[in-house]
Amino acid sequence: MQEYLRYFKDKVLSVPGTTPLEFTEGPEAFKEAIQFLKTQLKLEPLKWSDELHYATTDHYRDLSSNEVFSHTGSDKSTFKQRIERYCTWGGTIFEAMDFAPRESAVDVVIAWLVDDGNPKRTHR
């Protein structure tokens with residue numbers, strides 16, 4: 001994320017080879033996210049889950065066929081209900097969705113960490 005800072009001009013991020021993106025807060029939100037990450041404990045790497053893949057694919061197909069952008073399915077299902085169709089879980093779960101055009105999965109995670117324009121930073 002530190003590397004991205006050098007590609008900002010005002011509130012527009014122009015990384016070579018990618019589509020420029022305009023941010024609400026600009027580089028200040030990136031700097032805040034970097035400071036936030038420095039205070040966090042290291043987490044285990046993410047692991048692939050076929051069951052979660054099935055749940056998210058179902059939701060993606062539902063949203064795309066109904067032209068809806070929502071955490072709620074057309075059948076009024078919540079993310080917990082969709083996950084529980086395929087598996088049981090323990091601990092804490094949540095759903096984070098990204099509808100913006102991104103160059104990579106890393107860019108999606110960076111967007112969640114920066115959480116530009118969201119004063120509560122709930123995606124962190």
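1. Asp115 is placed in the segment that follows α4, and in this predicted model the residue has a positive phi of about 55° although it is not a glycine. The relative accessible area of Asp115 is 6%, and because buried means under 20%, Asp115 counts as buried.

2. With a relative accessible area of 9%, Arg121 is buried.

3. Gly26 belongs to the loop between β3 (21–22) and α1, and with a relative accessibility of 0% Gly26 is counted as buried. If residues up to four places away in sequence are left aside, Gly26 touches Phe8, Lys11 and Asp116. Between Gly26 and Asp115 there are 89 residues of separation in sequence, while their C-alpha atoms are 11 Å apart in space.

4. How do α1 and α4 pack, and at what angle? Two packed helices are described by the angle between their axes and the distance between the axes. Here the angle is about 90° and the axes are 9 Å apart, and since angles of 65 to 115 degrees count as roughly perpendicular, α1 and α4 are described as roughly perpendicular to each other.

5. The residues that make this helix contact can be listed by side: α1 brings Ala29, Phe30, Ala33 and Leu37, and these meet Ile110, Leu113 and Val114 in α4. Sorted by type, the residues of the contact of α1 with α4 comprise seven nonpolar, no polar and no charged ones.

6. The aromatic rings form a topic of their own, with a count of six aromatic pairs. One of them joins Tyr4 and Phe30, whose rings are stacked, at 6.1 Å centre to centre and with 20° between the planes. This pair links distant parts of the chain, as Tyr4 lies in the segment before β1 (8–9) and Phe30 in helix α1 (residues 27–38), 26 residues apart. Both Tyr4 and Phe30 are buried.

7. A further aromatic pair is formed by Tyr54 and Tyr86, which is tilted, with 5.6 Å from centre to centre and 50° between the planes. This pair also connects distant parts of the chain, with Tyr54 in helix α2 (residues 50–66) and Tyr86 in the loop between α3 (79–84) and α4 (105–114), 32 residues apart.

8. Finally, His53 lies in helix α2, and His53 counts as partly exposed, with a relative accessibility of 33%. Its C-alpha atom is separated by 9.2 Å from that of Ile83, although His53 and Ile83 are 30 residues apart along the chain.

Terms used
Residues numbered from 1 in each chain as written. Predicted model: local features only at pLDDT ≥ 70, side-chain atom pairs only at ≥ 80, totals over all residues. Heavy atoms only, no water. Phe/Tyr/Trp six-rings, centres within 6.5 Å; stacked < 30°, edge-to-face > 60°. Helix = DSSP H or I, 4+ residues; strand = E, 2+ residues; numbered from the N terminus. Buried < 20%, exposed > 50% of the residue type's maximum accessible area, 1.4 Å probe, protein only. Axes fitted to C-alpha atoms, helices over the stretch in contact; angles between N-to-C directions. Parallel < 35°, antiparallel > 145°, perpendicular 65-115°, else oblique. Contact = heavy atoms within 4.5 Å. Nonpolar A, V, L, I, M, F, W, Y, C, P; charged D, E, K, R; others polar.
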